[in-house]
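Here are my notes for you, written as numbered points. Keep the viewer open while you read, and look up each residue as it comes along.

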Amino acid sequence: MLWDALTLQLGYNATLVTLGAAMLGVGAGATGTYLYLGKRALVSDAISHATLPGVVLGFMVMVALGGEGRFLPGLILGAALSAVLGLLAVTWLTTRTRLHEDAAIGAVLSVFFGFGVVLLTVVQVMDAGRQAGLETFLLGATAGMLRDEALTIAAGGVVVLALVRLLHRPMILVAFDPDYAVGQGMRLARVDLAMMGLALAITVTGLKVVGLVLIVALLIIPPVAARFWSERAGHVVMIAGAVGGVAGYLGAAFSATAPDLPTGPLIVLAAFALFVLSLLMAPGRGVLAAALRHLRFQRRVHLRQGLLALAAGQPVYEPLTLRLMRRAGLARADGVATEAGRAMAARARLDERRWQILRSDPAFEAAAARYDGLTPLEEVLTGDQIAALDRGLGPAGMV
């Protein structure tokens, strides 16, 4: 069953839902990158919680007009209008009062969400609301999703992704350096509005799949995971989109295997699994890479100290140092230097004396800042600099 879901063999509708969720994840991951890099991740939380009153009011209006209350485009329109009001409320509180943005976000999301829960309770006692199923917008649900709904969600993800590609440069500049962006003639208010608009669009589009409570995770977890893999903003955007797409695909596929499995939590758990994988396995910033760098550094320190001990005519007794030096062929089992060890010890002693001059002479200040005390100086300094240091040592220091 699971393999059929992952290979899109559970039927046409399940395939549409899975691909739609994947496209939504790509758009959410790419969009969330700009919020994350601009340190505005919590804004998406306010937007998502502010959608609940709009969803319920949209349902009420459509029922009052004699229409189908669960018509997804109508619900999305109501959610968008409500989210815009929430976003405007956050902006007004931040700019017109002394509240910081985090406090304004907390106030707005709690009030809007509370109002939405009250409206949801009212709908459940309405004759037309008994089968509304609006609670699925809290955590997301794809079971029974119609073809048109799946296509709407996929189309929303594609449109958002296209806009992200179009607005990439201004949004990256504003996220990293607003002052430079102003110097380039960009209007911060417009770029910020576009960024918030994309977050709003992906939020209301993903309500049916992920739910308003968890959509913020799909906006933030993929960029956080992507940040472990690259230092370049453009690459982070692409990796975040890929992480979000894989999370959406896996979560929707797992949800399709059983009708009672909630889609939103499964997508978030898939995104979290990819985050943990990134945390552990990323080559530059991952935990395992950091541990390997530490072990290599530790090995270099022990070898350096062992060579300096041999240069001073002292045998090596420290177990780890002795083991590393024996493995490198620099010392015997009793800690006495081999011929290769004596040669390297002499070079290490010479480097140590050069280093003493290097850090005490202002003329070598720039070079001293680059030297880590472990790398051979020939790999750090030029030949002329080495010669100048050796002149400072004199004939006796070269021995």
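1. One term before we start: a residue counts as buried when its relative accessible area is under 20%, exposed when over 50%, and partly exposed in between (1.4 Å probe, protein chains only). What you're looking at is a predicted model, where local features need pLDDT of at least 70, side-chain atom pairs count only at pLDDT 80 or more, and totals for chains, interfaces and linings use all residues. Residues are numbered from 1 along each chain as its sequence is written, and side-chain values use heavy atoms, with hydrogens and water left out.

2. You'll find S230 in the loop between α12 (215–227) and α13 (233–256); helices here are DSSP runs (H or I, at least four residues; strands are E, at least two), numbered from the N terminus.

3. What does S230 touch? Leaving out residues up to four places away in sequence, S230 is in contact (heavy atoms within 4.5 Å) with H235, V236 and I239. A polar atom of the S230 side chain also sits 3.1 Å from the backbone nitrogen of R232.

4. Now zoom out. The protein has 19 helices and 0 strands. Its radius of gyration (taken over C-alpha atoms) is 30 Å, well over the 21 Å that the globule rule (2.2 Å times the number of residues to the power 0.38) gives for 399 residues, so the protein is more spread out than a compact globule. The C-alpha trace spans about 100 × 55 × 30 Å along its principal axes. Even so, 46% of the 399 residues are buried.

5. Next, the nonpolar cores, meaning sets of buried Ala, Val, Leu, Ile, Met, Phe, Trp, Tyr and Cys residues joined through side-chain atoms within 4.5 Å. The largest one has 80 residues, and V56, L134 and V210 have the most contacts inside it. Helix α5 (residues 72–96) gives this core its largest share, 9 residues. A second, separate core has 14 residues, including L307, A309, A311 and L322.

6. Finally, have a look at helix α16 (residues 319–327), where T321, L322, L324 and M325 are buried. They cover an arc of only 165° around the axis (using directions from the axis to the C-beta atoms), which puts them on the same side of α16. The buried residues of α16 pack against α15 (287–311), while exposed P319 and R327 are on the face turned away from the buried side. Just after α16, G329 has a positive phi of about 75°.

Conventions: Polar contact = N/O pair within 3.5 Å; in protein donor to acceptor, adjacent residues only side chain to side chain.
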